[in-house]
Amino acid sequence: MRIRIFVGTGGVGKTSVAAASGLKAALAGRKCLVLTIDPALRLRTTLRLDPGGIDQRVDLASLSAQGELWAGLLDAGSTLNRAVRLYGEPRQAETVLRHPVYHSLVQSLAGMQELMAIERIDQALADGFEDLFIDTAPSRHALEFLDKPEFFAQLVSIPLLRLVGRTYKWFEGSMFSRLGRKSLELYTKVEELLGAKLVRQVLDFYSIFRTIAEGYADRARRTSSLLHDPKTTTFTIVSTAFKAARDGDYFLGELDRRKFHVETLVVNRLWPGVGGSFGADVPPQAAGLIAWYRSVSEAHAQAWERVSAAFSARIPKLICLSELARDIDGLSALAQIAGQLASLDPIRPE
Amino acid sequence: MGDVSLQSPLVILCGKGGVGKTTLSLALGLWHARAGRSVLVVTSHPLPELAVTISLSGLKERHPEAAAHLFIVHIDPREILGNKVKQQIPSEFLARTVLSSRLYQNLIEVAPGLKELAFLARLRQLAERKSPDAQSRAYDLLIWDAPATGHFLQTLKVSRNFDTYLSGPFAVLGRELTNFLSDPAQIKILPVTILEEMAVDETIELCSELNKELGMSPAALICNLASPLLAAQEEVDLGLFSGGQGEGSACAEWQFMVDRHVIEKQLYQRLRAEVAAVPCVVGRMPRWNSELELLDTLADSLGASLTDVL
């Protein structure tokens, strides 16, 4: 089983690269799942994704694929609702779903989305997928996806929270007598700072949410160790020509710090250069535009050379992909990228 | 400018990731700073911080006047919350204990919207010139290089959510922030987009959400990285170079440009039809010698076309 995680800033084509990598593996005979966060409408149509829906199998008959390609949308709201109903008792689940903090929590989806990715990885493994391709939200949030399970696991293991009961009454009546003096002082300080009601609502919520969260935390720890195993999980940084030096440094630093293995840097959307000279039959206006085009594509080529030189010793695989003339629409465009990937990256026996 | 008003005008550059919000925020800031106005550019994510340092290297030598007027600040909400703790707890030891406690750290991370709220509160302090920082100054203009669409909308909505869902000190703050954000005289929203399907879809969605959910409408719409075919004043004849006009390699490049331009044009028209805001086209620079040269050129094109709006 392999997990590939794609990180990068917004607009660099992470989702397309993740989907194309999935397609490439499916063509080579593997059972793959692509989990994506926010695909363009047409990519969504190609992958037959719908919010709240279950994973969909993409029809690869036209490409005579050996394997299977499935796609799923990482939709935090519905994944979370499902998890609450799945892991909580019915009455408990209803209380959680109606709690004001739960509403705020679902509203602040950015963090939850990543949290839910962990949940989905666990489900996907149970479903027997061989390869997972996971698209992440841009920049900082992508890394929170890796931090949050720890926070969550730690939160539910705090003794204070273990003592917190379901209601304020119980909370106020018995908790304080069971706390040590130091913890109580600390708690009082935090409460003063953040406002007693806010803190209590949050604590109250997490106390109800606890059994659900404990199950989650167990799965999160399991997934977390899978993500740290370089034999299972590798990271791909996706960027574009002018951003690659900066993005590469940033993500490599952040992932190294968390002890994750970065295997690939993809410099996406290079304008293809053809070179050569154009004949006298080219009208002057067109010649001006072509010259402009060429200076862009030359600048891209030079940027790629600089990036390859800078990262060749630090990242095992460096790949550049050409911009397609048309937007990514449909399987044929994905297959084109998959083809570019395949020609650069021969499949190694495992 | 801004002498009478007690509040600095705030310009917000928002939009999809990767469309050039940070670069254009700096360019717009540079344009005003070159004219002698003091400008503060506020960023909220760690990546641009790096980019900013690279982009502005050499500014002092090239534009000493602008360098004295252009300020960049990176706001980390964790730091703001941390400072609040230090202010309220006089004992340094106790403050450190609270800050390093797992209870505090975990609460900060999971209390929904707390970080966003802290960020907005700081932004308002800066705009209202009430910064607790003694060295802070009154800026003629604030530019917020906002996070990508989803997180941006969520940040704006957070003030309202706190207002709706929770009570306590943060609910009061939430109400104040909602008022602050809803003053169109002080706040100008400039969505930035590139003419690609995803970005255009997202921009249309963003504008409609801003309008419907928050009662805000964009002051202008920036179309970044446009091709010279779109940026050109007069229509270029795409048939110029079609048919049997030679087999050279130039043909492939021409075809690529024409294909891209057809998409670009369609998307531009869709934007015009769906978003009621003045469009401002910023062309793609083919190459530049330094980041600062790029910013200078962008400042010229952006500043001039936005003078009526801001």
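Helix α5 (residues 77-88) of chain B packs against helix α8 (residues 114-127) of chain B at an angle of about 80°, with axes 8 Å apart. Helices (H or I, at least four residues) and strands (E, at least two) are DSSP runs, numbered from the N terminus. The model is predicted: local features need pLDDT of at least 70, side-chain atom pairs count only at pLDDT 80 or more, and totals for chains, interfaces and linings use all residues. Residues are numbered from 1 along each chain as its sequence is written, while chains are lettered from A and ligands numbered from 1 in the order in which they are written.

**Helix pairs**

- Two packed helices are described by the angle between their axes and the distance between the axes.
- Axes are lines fitted to C-alpha atoms, for helices over the stretch in contact, and angles run from 0 to 180 degrees between N-to-C directions.
- α5(B) and α8(B) are therefore roughly perpendicular to each other.
- Angles of 65 to 115 degrees count as roughly perpendicular, under 35 as roughly parallel, over 145 as roughly antiparallel, and the rest as oblique.
- From α5(B), B:P77, B:R78, B:I80 and B:L81 meet B:K115, B:A118, B:F119 and B:R122 of α8(B).
- This contact of α5(B) with α8(B) has five nonpolar, no polar and three charged residues.
- Ala, Val, Leu, Ile, Met, Phe, Trp, Tyr, Cys and Pro count as nonpolar, Asp, Glu, Lys and Arg as charged, and the others, Gly among them, as polar.
- Residues are in contact if their C-beta atoms, placed from the backbone, lie within 7 Å.
- In chain A, the axes of helix α13 (residues 244-257) and helix α14 (residues 284-311) come within 10 Å and cross at roughly 25°.
- α13(A) and α14(A) are therefore roughly parallel to each other.
- A:A244, A:A245 and A:G248 of α13(A) meet A:R306, A:V307, A:A310 and A:F311 of α14(A).

**The sheet of chain B**

- Seven strands form an open sheet with parallel pairing, in the order β3-β2-β4-β1-β5-β6-β7 (chain B).
- Its edge strands, β3 (70-74) and β7 (278-283) of chain B, each pair on one side only.
- Two strands pair if DSSP finds at least two bridges between them.
- Five bridges join β2 (residues 39-43) to β4 (residues 141-145) of chain B.
- The bridge partner of B:V41 in β4(B) is B:I143.
- Helix α11(B) packs on the sheet and touches β1 (10-15) and β5 (187-194) of chain B.

**Helix α11 of chain B and what follows**

- α11 (residues 197-214) of chain B has 18 residues and reaches 25 Å from its first C-alpha to its last.
- That is close to the 26 Å expected at 1.5 Å a residue, taken as 1.5 Å times one less than the number of residues.
- Its buried residues are B:M198, B:A199, B:V200, B:E202, B:T203, B:L206 and B:C207.
- A residue is buried if 20 or more other C-beta atoms lie within 10 Å of its own, exposed if 12 or fewer, and partly exposed in between; C-beta atoms are placed from the backbone.
- Just after α11(B), B:G215 takes a positive phi of about 65°.
- B:G215 has 10 C-beta neighbours inside 10 Å, so B:G215 counts as exposed.
- B:G215 and B:S182 are 33 residues apart in sequence and 7.5 Å apart in space, C-alpha to C-alpha.

**Chain A**

- Chain A has 15 helices and eight strands.
- Of its 350 residues, 45% count as buried.
- A:S64 has a positive phi of about 40° although A:S64 is not a glycine.

How values were computed. Contact = placed C-beta atoms within 7 Å.
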